[in-house]
Amino acid sequence: HDVLDRLPVITAPTLVAAGRYDGIAPLPNSEAIATRIPGADLRVYEGGHAFFAQDGRALPEVLDFLAG
C-alpha cells in the first residue's frame, strides 16, 4: 500500500518517530515519510522496532509532542 504521493496533503502537526536500527520499518522509510509531510518532525531513537523500550528519551518526547 503506497501512499507516499498523498503525504504532502497532511496538514496536522506530525511526528515521525523511528528506531535507528529498525529492521522492520527501516530508517530510510521514516526519512522518506518525514520529507514528504510539510513541517514533519523526524526523531530518531537508539534501538530497533522496540525503540520505546530501548531509548529512554522516546516515550517522554512522544508524549510531549502529543501534549502540544
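This tour moves through the structure by selection, from a helix to the nonpolar core and then to the salt bridges. The model is predicted: local features need pLDDT of at least 70, side-chain atom pairs count only at pLDDT 80 or more, and totals for chains, interfaces and linings use all residues. Residues are numbered from 1 along each chain as its sequence is written, and side-chain values use heavy atoms, with hydrogens and water left out.

Begin by selecting helix α1, residues 27-36, where Leu27, Ser30 and Ala34 are buried (under 20% relative accessible area; exposed is over 50%, partly exposed in between; 1.4 Å probe, protein chains only). Helices (H or I, at least four residues) and strands (E, at least two) are DSSP runs, numbered from the N terminus. The buried residues of α1 pack against β1 (15-19) and β2 (41-45), with contact meaning heavy atoms within 4.5 Å. On the other side of α1, Pro28 and Thr35 are exposed.

Next, select Leu15, Tyr45, Phe51, Ala58 and Val62, which form the largest nonpolar core (buried Ala, Val, Leu, Ile, Met, Phe, Trp, Tyr and Cys residues joined through side-chain atoms within 4.5 Å).

Then display Arg20 and Glu46, whose side chains meet in a salt bridge at 2.8 Å, N to O (a side-chain nitrogen of Lys or Arg within 4 Å of a carboxyl oxygen of Asp or Glu). Arg20 lies in the loop between β1 and α1 and Glu46 in the loop between β2 and α2, so the pair ties together parts 26 residues apart in sequence.

Finally, select Glu61 and Arg57, a salt bridge at 3.9 Å, N to O. Salt bridges with shared partners join Asp41, Arg43, Asp55, Arg57 and Glu61 into one network. Within this selection, Asp55 is buried, at 8% relative accessible area.
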